[in-house]
Amino acid sequence: LVQGSVRSEWRQDLNLSIEKIARMKDISTRRAAQGFLTVLTGVCGIFLFSMMSADEMDKTTTVVVGGVGLTASFGVVISEIHTSLKAQNRRLELSESGEILNITVNNEEPVKECSWVFVGLSFLSTSTYSAFCGCYAVSMDEKYMFMAYLILPIIALSFMMAVMYKPKRTDAGYKRFLHFHFFSGPIFSEIGSIVGLLRAGWISNGLFAMLRIPCYYLIFWLGLKLRKLAAELPPQELSNFLCQTVLLKGAAAMGTMLFFSFETLSCFISQNSLDNGQCENTSMSALLLSVYLVVITTLSMNSKAVPKSVQREMAWELSTVATLKGLRWWQQLQGGLITFTAVSSLYLLSVLGVEKDYDKTIGSVGSLGFVSLLIACLIGITMLVRTKNVHQRNNKGREGNVEMLKDQKSQGFSSGDIQDSAFIATLV
């Protein structure tokens, strides 16, 4: 209502575009504070929403979180009223003085890299996770390991996004920083987990944690390759990739994972215990769903890290999907795997919040869904790289004609878009 009370053209120079947010430049202190309060309101809202399913709520925690969220939202409204009145008064004064209103169209310069603010936040979050694992290894207090696993998927996605924030930076100093970020985050935290698990007598879990380290190396290597692909994009496509795919889709996925984490937390709060076994169904389901989101978001980044001409060649035509004719073998296999993952997600969502003894079916179904999604992602990455190489060999000198012909085709969508839509439909 406040924003609608002022003419849109009068607010043109006051609106925050995603490009400004990505650069974190030309943003006033009050606007930055308003953005922080908006995020804080959202986090408090997600926590309160997850607490609605708790049998017994901690009234003090609920009142404090609700009060903080209410105060933050009130601050956002006050700031928006101030901005709107300021814009309206300034424009009216210019009109009365006879000066010409300088209304400009919002044409943002393409974003080449995201701000160090986002890189710093990612490094801070991974350091927090490493600190939890280190504290568990030293004190053997299970609450530290609980907090670590609660935020593990969010940390994983945050690290992958941090690798992509500055794809044009190829200097040795920044590469050393990325490797330091990797070793101080995933590797150090896993070492802490291994030490703590072995000291607690959980030999099998400690060995499994050791096996995760090579997987982290593989993910980091793939992230660097994906970063290199993104650096070759044209300026406008690189800007869309950083703003729309990395920032917006990454933030949306983190919001959903935060809800899953709070759902687990609310279960333990209602049970008032970490070891009674009544919240294992919720915690396992939430962890698997969050891992699904990490893989889906990574695949989405992969599918958008190539030029649009390659994306169009990889797109699933709507008419082809509707008739189920003309699909290539890998598209049929990938579609079947994605469908199975979607069904697995539905099952995991159905047991989210069920407080009873652990059901081993959850782990089995969730693991099968994860393997299916992982195979679908590997197929998508392999075919994308193959198509990109073929496109570079066969279409040199014909880029203009190819773009014109592709624009005339019916609309299609990539495998990353399919998995985004499938997971959103599952949540609904």
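Me: Is Lys 166 buried or exposed?
Reply: In this predicted model, local features need pLDDT of at least 70, side-chain atom pairs count only at pLDDT 80 or more, and totals for chains, interfaces and linings use all residues. Residues are numbered from 1 along each chain as its sequence is written, and side-chain values use heavy atoms, with hydrogens and water left out. The relative accessible area of Lys 166 is 1%. Buried means under 20%, exposed over 50%, partly exposed in between (1.4 Å probe, protein chains only), so Lys 166 is buried.

Me: Which residue forms a salt bridge with Lys 166?
Reply: A salt bridge needs a side-chain nitrogen of Lys or Arg within 4 Å of a carboxyl oxygen of Asp or Glu. Here the closest N and O atoms are 3.2 Å apart.

Me: How many residues apart are Lys 166 and Glu 113?
Reply: Lys 166 sits in the loop between helix H5 (142–164) and helix H6 (172–199). Glu 113 sits in the loop between helix H3 (59–96) and H4. Helices are DSSP runs (H or I, at least four residues), numbered from the N terminus. The pair links distant parts of the chain, 53 residues apart.

Me: What is the N to O distance between Arg 212 and Glu 190?
Reply: Arg 212 is buried at 16% relative accessible area. Glu 190 is buried too, at 0%. Their side chains meet in a salt bridge, N to O, at 3.0 Å.

Me: How many salt bridges does the count come to?
Reply: Asp 171 and Arg 169 form one of them, at 2.7 Å. By the 4 Å rule, the count comes to 5.

Notes. Helices (H or I, at least four residues) and strands (E, at least two) are DSSP runs, numbered from the N terminus.
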